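Subject: Structure handover

Hello,

Here is the structure I promised. Please open it first, then read my notes below.

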Amino acid sequence: MIIDVQGLKKRYKEQEVLKNITFQIDEPKIVALVGPNGSGKTTMMNCLMNLLPFQEGEVTILGKNHKDPTLFYEVSYLQDNRVLYGDLTGEDHLKFICNVQKLPVKKAKETAEAIGMAHYVKKRVRSYSLGMKQHLLLAMAVLNNPKLVLLDEPINGLDPTSAIHMRNILMDLYTKGTTVIISSHNLDEIDKMTNTIYFMKDGEILEESLADLNIPHYSLTVSDTAKAMEHFTLAGLPVGLEHGDLTFSETSYPLQTAIDICNQNGIQIHQIENRKIGAEKRYMELFESELKP
Amino acid sequence: MTLFLFELKKIIFSRRFQYLSAIILLLIGALYVRNILFQDLLIKEQQKQVDISTREVQSHLRAFVLQQEKDSENMILSERITHLSTALDALYEWKPLLQSENWQARLQTENTFLTALLSYKETGGEFSLSTPEMERTLAWNDQLLRQGIEPSPENYGTSLPNFMKQITDIYVNIGAIVLLLLLIGDLLTIEFEQGSIRFLYTQPVKKSAILHAKSLTAITIYLFVTAAIFIFTWLLGLTIGKPGSFSYPVMIDKEDSFTFIPIFQYIQWSLSGTSCIILLVIPLCMLISLYAKNAIITLLSVMVIIIGGYFSMQAVSWSGQPWIDPFHLLFTGRTIQTISGLWIYSVPITLLLALLIYLFALLKMKRTVDIS
């Protein structure tokens, strides 16, 4: 078991900010945390990393209590760039981690090169741009080849090239057996990285979406929607209605079946659209009220 | 060790440390230049004082002479006139010696003046110079003549040992504490304020190790800065100052007597005593940081506690004993100049309090989880 969270609850005075969070990750995967601002993503990560106390629940990481500082030999947490010391160089930060983690110091240079920051790692952090700081934070997080890495909005403020580069590094980590928990507002990037998404709202995990997000969903624009729905229902085929179009998932029945039903009953099909339900689509469905002006 | 070196690097490479260090050294240089420039002014000031004393003596003498014309049998009047005449002769002799290289003659003449004046005051005469002040100066001059050391103006020394003493006085009478707080007062609070404590908390290090490293860093910075200040002062005095003597006497002004210790001993004692109080200030700063998590509140609180503690203990009559007063060494220079070697009795209580505060800070650090 990589991480086991049971009944995690946190309150700030009278307000409950995390409500009974429960999940387990038992094999390496990339898990995304998605939710509006204030949904509890950062708070949850900080609780898991023993940076914030919580009132109820249990957290076990790699078989150890989450308060055990030796966990950080195998776990990394990429936080925001305020944790960096402006008067020190990137190299100072990396070498410090090498020394504390009992890693060979040459690993600092190797990691800097792998991340692509070798040409500025010896400069003081106060001269870094936002992207450079994010790269340094990533280098610090992956330096010890962790079994679990948590990243709190690592893509924020990155240009497309840097965002792709970061994604590639995380994917590479995952292929080598690291579990990645990443929170992000960039749903496009999330879609490209993982199918495992925890949607959070008001301190709760609403839904854990898995691979079915990427199964084709079709929408049919037909001449007589009501008639078509009647025939689909009679035939025992589940169908939905969205903006006047018929919708269904290919897990229920293939597209050809739907076409045959329409043709047999004289219903003209004006348009067939193949829609993959990605993170953004699902986000919009779950957080409809947040999106309304 | 890793944490300690990391902490040390953070301080040494910080702009604030570098700028402050440069400013301090510049100020020391400026102070020395000021001392040199003021030498002529000091002589003029002394001449002015001699003139004032001369006029006062002449005024009293005239009055007594007039009185004696009406009361020629009055022995006390005669004595007063004799003493004042001696004093006046000494003043006439003293003024030209102020610019002379012959400092022994200058001191002897001043002693003659003061002795005559003290004798005059014993007869009930009044004069603007107080008896304790005159006795102090007499003792001082006698000591210098005995040791064969040229006098140096207090707070305007241009010789190496005297300038070092001047710097010591500023440093050990709360200067070191203020400087240390400016340099490392926010060593812990800044981690909470900017959030970088989360970086340390997500490394495989114990929280107690973080506190040990920061405290050790603070002590190291204090030692480093102290050494830098005094080495710079020494080099300045050595290159452009007069050699002077490290046996130059520093007066210990006890209630009913004067004793003297050499400057080198004064500097040694002062720095030792100050180091002791610094060992109290550092854990106090750490403890308050853990509660306040704000640099300004921490610094103000530390100053209020140590200064308040000092004056509170001074106000309580039974606390006259240094061994029960942990704040006695706050103004180490002043303390030494009133109780001499007895300052050392304050060390155990100061260190004990420092240890207690440090233990509280450790406990608080271990229990600190909320980084918000």
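Which residues have the most contacts inside the largest nonpolar core? They are Ala32(A), Ala139(A), Leu180(B) and Val281(B), and that core has 138 residues. A nonpolar core here is a set of buried Ala, Val, Leu, Ile, Met, Phe, Trp, Tyr and Cys residues joined through C-beta atoms within 7 Å. A residue is buried if 20 or more other C-beta atoms lie within 10 Å of its own, with C-beta atoms placed from the backbone.

Two notes on the source. This is a predicted model: local features need pLDDT of at least 70, side-chain atom pairs count only at pLDDT 80 or more, and totals for chains, interfaces and linings use all residues. Residues are numbered from 1 along each chain as its sequence is written, while chains are lettered from A and ligands numbered from 1 in the order in which they are written.

Helices (H or I, at least four residues) and strands (E, at least two) are DSSP runs, numbered from the N terminus. Leaving aside neighbours within four places in sequence, Leu180(B) is in contact with Tyr222(B), Ile278(B) and Val281(B). Contact means C-beta atoms, placed from the backbone, within 7 Å. Another core lies apart, with 13 residues, among them Val57(B) and Leu117(B).

Now helix α7 of chain B, residues 160-172. Of its 13 residues, 12 are buried, so α7(B) is largely enclosed by the rest of the structure. The buried ones include Phe163(B), Lys165(B) and Asp169(B). They pack against several elements of chain B, including α2 (15-37), α8 (175-184) and α11 (207-240). Just after α7(B), Ile174(B) takes a positive phi of about 75 degrees.

Chain A has an open sheet of 4 strands, in the order β2-β1-β4-β5, with antiparallel pairing. Strands pair if DSSP finds at least two bridges between them. The edge strands are β2 (15-25) and β5 (64-65) of chain A. Strand β1(A), residues 3-12, is joined to β2(A) by 7 bridges. Across that pair, Lys10(A) stands opposite Leu18(A).

Last, the interface. 22 residues of chain A are in contact with 22 residues of chain B. On the chain A side, helix α2(A) (residues 90-100) supplies the largest share, 5 residues.

Best wishes

How values were computed:
Contact = placed C-beta atoms within 7 Å. Expected span 1.5 Å × (residues − 1).
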